[in-house]
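Work through the exercises below with the sequence and the model side by side, and try each task before reading its solution.

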Amino acid sequence: MSYSGILPDIDDPLTAPFWAAARDGRLVAQRCARCGTFRWTPAEICPECLSSETDWAPLSGRAVVWSYAVYRRAMHPAFKAAVPYTVAMLELPEGIRMLGMVRTSSGDADADGEVRIGDEVEAAFEAVTDEVTLVRWDPIGRASRETETNE
Amino acid sequence: MAGSQSVAIAGAGATAQGELPGRSANAIAVEAIELALADAGLAKADVDGLVTCRNLQSRVGIDEQIGELLGISPRFGATLDYGTGNFSLHLATMAIRAGLAETIVLAYGTNQRSAKTDFGIAVGGGAEMASVNGVVHVAGRAALAFRRHQHQYGTTEEQLGWVSVAQREWAGMNPLAIFRKPLTIEDYLASEPLVAPLRRADLTMISDGGAALVVTTAERARDLAKRPVHVAAMAQRTAFRADHDPESLNRPWLGELAKELWSTSGYRPDDIGALYIQDATSVWVLQMLEWYGFCPVGEGGRFLAEGRTRPGGSLPVNTNGGQLSEAYMWGWLHLVEAVRQLRGEAGERQVPGLEVALDVSSHDFLKGAASILTTRS
């Protein structure tokens, strides 16, 4: 089945390097070439020092869940096929915050208990079309918790 | 406020709310203006300023369009790109103090329900980074903020539910309100979460309607039809930068805005007889009760569950029902209600002896405004 969710404009010059990296399985964000500050979401200018010189630098791919929410109902028609799904506000060690979708076995973290505030998650790459790979997040230690549940 | 001309609200108007098919947002705004002018005992020829509010996600509501439709060429005209009425009230007050106009009509109209406006997604640039991750509709961010509040302070869903339940009780006494069917805390808890931990009752409805205010000098307002409601204090704050701090979802900068309001106005939370909180979601009510100092940060849930904000409570909040129960007028009807309450025109839901009200609002996670309104001169 083809992906029905919202697709990014991968040709938008502001965000294209992010999507190109994601397609290669790499998580990157802009880092100011002058002052070294990471920023998210993508912007033309460093909000710290106002330099336009930017590198797309690799991120560790790890993040901590600041909070999460479970979409039980699609609040936009594009996500009808996706519910239930879990989203999170993530704190990255690079000093930025990101909104992301966290993959749990049922999609509903309240039901499966696979994500809690303070948990660590890691970036995963989901090719949803030939051109677009989206970044998702997987709970770290999900496997071990599944083992616990099975006992 | 020292050294500046005193400004008052002289008229308030609201159209029918709900579904108004076949009418443009601008035509609805003009009807609201007629109602507000009639309320003040003024004609459109008396107006020398027009302040409007652009509709979300469409280029209507511009002062040039509404002025043309209304058939006026006032000295001063301006449009804000965001709602809540509060920011527009501040702009009009400033314009009058600066001598750019003497009598300004402020208006907002929308046909967002009939026009099936899409409130779901952000498109393009950095903003689409939320949409592609499924974070659509303000419900997502509000749910994230509330879950964090639960984690930090032990706030429960039942405590949050009292926002919606209390506002529905108020709405039951408001003939203008769209949702008047009683909602109990049991009903609330029995309803399914849409974006857990939030339910339908925690989220603004989508409706058509219009609202308008007439603002003029306190001196002129004295001679008009209704008792003047003075703009006693104003404060604003922005929070444009949020790329580094997840806490921005709980909007701690509102606490800075509150500090500014209380310190510059000389008023204290205890002086406020009725509180109006622009409520895109119930979570905004919880946050603002805390940041404005009506209860300590973290204790908003307990404060709500004690029934403080309900009819008969110590701090009536959103006595119109708010956007959760009255109508989605982007905060504008909160100001209309504050004016009616301060004049003693609120009928069954009248807050006895009310003299000072506070209207607080926010534009998403980006800016906030507060106005203290009073009948004291």
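**Exercise 1.** Locate Leu50(A) among the secondary structure elements of its chain, and decide whether Leu50(A) is buried or exposed.

*Solution.* Leu50(A) sits in the loop between β2 and β3 of chain A, where strands (E, at least two residues) and helices (H or I, at least four residues) are DSSP runs numbered from the N terminus. Next comes the accessibility: buried means under 20% relative accessible area, exposed over 50%, and partly exposed in between, with a 1.4 Å probe and protein chains only. Because its relative accessible area is 61%, Leu50(A) is exposed. Its phi is near 70 degrees, a positive value in a residue other than glycine.

Before going on, note that this is a predicted model, in which local features need pLDDT of at least 70 and side-chain atom pairs count only at pLDDT 80 or more, while totals for chains, interfaces and linings use all residues. Residues are numbered from 1 along each chain as its sequence is written, chains are lettered from A and ligands numbered from 1 in the order in which they are written, and side-chain values use heavy atoms, with hydrogens and water left out.

**Exercise 2.** Identify what kind of peptide bond joins Trp40(A) to Thr41(A) and Val83(A) to Pro84(A).

*Solution.* Between Trp40(A) and Thr41(A) the bond is cis, with omega about 10 degrees, and Thr41(A) belongs to the loop between β2 (38-39) and β3 (54-58) of chain A. Between Val83(A) and Pro84(A) the bond is also cis, with omega about -5 degrees, and Pro84(A) lies in the loop between β4 and β5 (85-91) of chain A.

**Exercise 3.** Determine which residues line the largest cavity, and how they divide by class.

*Solution.* On a 1 Å grid over the protein atoms alone, a cavity is a set of points where a 1.4 Å probe fits but cannot get out, and its lining residues have an atom within 4 Å of a point. The structure holds one cavity of 30 Å³ or more, and the largest cavity has a volume of about 80 Å³, a volume being the space filled by probe spheres set on the points, which are joined across faces, edges and corners. Its lining includes Trp19(A), Trp40(A) and Trp137(A) from chain A, and Met129(B), Val132(B) and Asn133(B) from chain B. The largest share, three residues, comes from β8(A). By class there are ten nonpolar, one polar and no charged residues, where Ala, Val, Leu, Ile, Met, Phe, Trp, Tyr, Cys and Pro count as nonpolar, Asp, Glu, Lys and Arg as charged, and the others, Gly among them, as polar.

**Exercise 4.** Trace the strands that pair with β7 of chain B, and explain why β7(B) is described as largely enclosed.

*Solution.* Two strands pair if DSSP finds at least two bridges between them. Seven bridges connect β1 (residues 7-14) of chain B with β7 (residues 209-217) of chain B, and these strands run antiparallel. In this pairing Ala12(B) has Leu213(B) as its bridge partner, and Gly13(B) has Ala212(B). Strand β4 (residues 103-110) of chain B is joined to β7(B) by eight bridges, again antiparallel, with Thr110(B) opposite Gly209(B). Nine of the nine residues of β7(B) are buried, so the strand is largely enclosed by the rest of the structure.

Key:
On a 1 Å grid over the protein atoms alone, a cavity is a set of points where a 1.4 Å probe fits but cannot get out, and a pocket is an open set with protein on both sides within 12 Å along at least five of seven lines; lining residues have an atom within 4 Å of a point.
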